[in-house]
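User: I would like to go through the labels used for this model one by one. For each, please set the value against its cut-off.

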Amino acid sequence: MTSMYRPHFRVQCGEYLGIAFSGDASSGPIYPGACVPAEVMFLYSPNVDYGDLVVGAKFQIMEGARIVGIGVVSELVL
């Protein structure tokens, strides 16, 4: 079993949303300034509301209180 990177997403100043990166593009190191497509899983749905993550939403990737990345939702697959 491989471990997945499990930071949090935060839309604007909202609550931290637990996610896990999945797929090939997010399996290796990503260097500062690089742009990569990535797939994520909502870890705590339906118990947590992920409604703020809509197409076009800008989000921050958080490790604790530290911002380690930013992104934009381009597609939702349900």
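**Labels and their cut-offs**

User: Why is serine 74 called exposed?

Analyst: Its relative accessible area is 66%, and exposed means over 50%, buried under 20% and partly exposed in between (1.4 Å probe, protein chains only), so serine 74 counts as exposed. Serine 74 sits in the segment after β5 (66–72). Its C-alpha atom is separated by 9.7 Å from that of lysine 58, 16 residues apart along the chain.

User: What do the values rest on?

Analyst: This is a predicted model, in which local features need pLDDT of at least 70 and side-chain atom pairs count only at pLDDT 80 or more, while totals for chains, interfaces and linings use all residues. Residues are numbered from 1 along each chain as its sequence is written, and side-chain values use heavy atoms, with hydrogens and water left out.

User: What makes up the secondary structure of the protein?

Analyst: There are 0 helices and 5 strands, in the pattern β-β-β-β-β along the sequence. Both kinds of element are DSSP runs numbered from the N terminus: helices are H or I with at least four residues, strands are E with at least two. Of the 78 residues in the protein, 26% are buried.

User: How many aromatic pairs does a search of the whole structure find?

Analyst: The search finds 3 aromatic pairs. Rings of Phe, Tyr and Trp (its six-membered ring) pair if their centres lie within 6.5 Å; planes under 30 degrees apart are stacked, over 60 edge-to-face, and the rest tilted.

User: Why is the pair of phenylalanine 9 and phenylalanine 21 called edge-to-face?

Analyst: The ring centres are 6.2 Å apart and the planes stand at 75°, so the pair is edge-to-face. Phenylalanine 9 belongs to strand β1 and phenylalanine 21 to strand β2 (residues 17–22), 12 residues apart, and the pair links distant parts of the chain. Phenylalanine 9 and phenylalanine 21 are buried.

User: Why is the pair of phenylalanine 9 and phenylalanine 59 called stacked?

Analyst: Here the centres are 4.0 Å apart and the planes at 20°, so the pair of phenylalanine 9 and phenylalanine 59 is stacked. Phenylalanine 59 lies in strand β4 (residues 58–63) and phenylalanine 9 in strand β1, so the pair ties together parts 50 residues apart in sequence. Phenylalanine 59, like phenylalanine 9, is buried. Ring pairs link Phe9, Phe21 and Phe59 into a cluster.

User: What makes arginine 66 and glutamate 63 a salt bridge?

Analyst: Their closest N and O atoms are 3.4 Å apart, and a salt bridge is a side-chain nitrogen of Lys or Arg within 4 Å of a carboxyl oxygen of Asp or Glu. A search of the whole structure finds 1 salt bridge. Arginine 66, at 54% relative accessibility, is exposed, whereas glutamate 63, at 35%, is partly exposed.

User: Which side chain makes a polar contact with the side chain of arginine 10?

Analyst: The partner is glutamine 60, at 2.6 Å. A polar contact is a pair of N or O atoms within 3.5 Å; within protein, one must be able to donate a hydrogen and the other to accept it, and residues adjacent in sequence count only if both atoms are side-chain atoms. Arginine 10 is found in strand β1 (residues 8–11).
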